Amino acid sequence: DQLPAIEVPMIERLAGRIGGTQLIWQIYPYSVANTALTQGRRLSRFWQALARWKFEKTRLRALAFLINLRNAFQMFVSSDRRYGPVFNLAIAEQIAAALIRNGYAPEHRRPVTLLGWSGGAQIAAGTAWYLAALGMPVRVLSMAGIMSADPGLDRAEQIWHLRGDTDRVQGLGPLFFARRWPVFGSSPWNRARRDGRLQIIKIGPLKHAGKGGYFASAPLLPDGREPRQATADQIVQVLVDAGLATDRRQNKML
């Protein structure tokens, strides 16, 4: 029901810098009904307690990891060939509804970029199949994503995978999803690489989470930037280079 505190500065940076497009962030990719864990569920009180302990100095704080574990299982559901299509269709419906609420007109065929962080990148790839079927020109921007060779990649006009040099977690993608291996040359992942639609971009010595992670304010990188600044810079640069947005900060400098 709310952004994790560590993600708020990133959203604010992107919202303040990206021009020529609209940023919509009110999508919870791990629920087919876009319903928060802490609301309208039988275990709502349990998830509320975990969310509270996450930011308190208590021995129970470690149990907050169950939130991440639960979301990881949803990522695996999204990638599953049996249940994934239904799950991804439901999330795609939520995304389409959010787009329309914010003034998107499908008949205008304006481009849509799905930015997914970690396991959310897999769900972005899965929903691309259905959003593209509605006539939307869809692109997937993976921020340290753990993705399978999802069929949705076949319908994405472009896929960017941002990764930190010291991020071992995003490297679990090929371990979990064998169809990303080069031997499976006909998989959507490898087809996208051959077609030049998939671009892997290294963004410096960033870890997956915690200090030195994509959302972190410290330690500073060798070039003097905060890790979260480097992440935001690369996201904006990708969109600007693709002609999908403008950089308001650069425009002010000019």
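Q: Is Phe76 buried, exposed or partly exposed?
A: Buried means under 20% relative accessible area, exposed over 50%, and partly exposed in between, using a 1.4 Å probe and protein chains only. Phe76 has a relative accessible area of 32%, so Phe76 is partly exposed. This is a predicted model, in which local features need pLDDT of at least 70 and side-chain atom pairs count only at pLDDT 80 or more, whereas totals for chains, interfaces and linings use all residues. Residues are numbered from 1 along each chain as its sequence is written, and side-chain values use heavy atoms, with hydrogens and water left out.

Q: How many aromatic pairs are there, and why is the pair of Phe76 and Phe176 classed as it is?
A: A pair of aromatic rings is described by the distance of the centres and the angle of the planes. Rings of Phe, Tyr and Trp (its six-membered ring) pair if their centres lie within 6.5 Å; planes under 30 degrees apart count as stacked, over 60 as edge-to-face and the rest as tilted. By this rule there are five aromatic pairs. The planes of Phe76 and Phe176 meet at 75° and the ring centres are 5.3 Å apart, so this pair is edge-to-face.

Q: Which parts of the chain does this pair link?
A: Helices (H or I, at least four residues) and strands (E, at least two) are DSSP runs, numbered from the N terminus. Phe76 belongs to helix H3 (residues 65–79) and Phe176 to helix H6 (residues 172–176), distant parts of the chain 100 residues apart. Phe176 is partly exposed, at 39% relative accessibility.

Q: What kind of aromatic pair do Phe76 and Phe177 form?
A: This pair is tilted, with 6.1 Å from centre to centre and 50° between the planes. Phe177 lies in the loop between H6 and helix H7 (188–195), 101 residues apart from Phe76. Phe177 is buried, at 9% relative accessibility.

Q: Which residues have the most contacts inside the largest nonpolar core?
A: A nonpolar core is a set of buried Ala, Val, Leu, Ile, Met, Phe, Trp, Tyr and Cys residues joined through side-chain atoms within 4.5 Å. The largest one has 27 residues, and Leu114, Leu131, Met136 and Ile159 have the most contacts inside it. A second, separate core of 22 residues includes Leu162, Leu206, Ile235 and Leu239.
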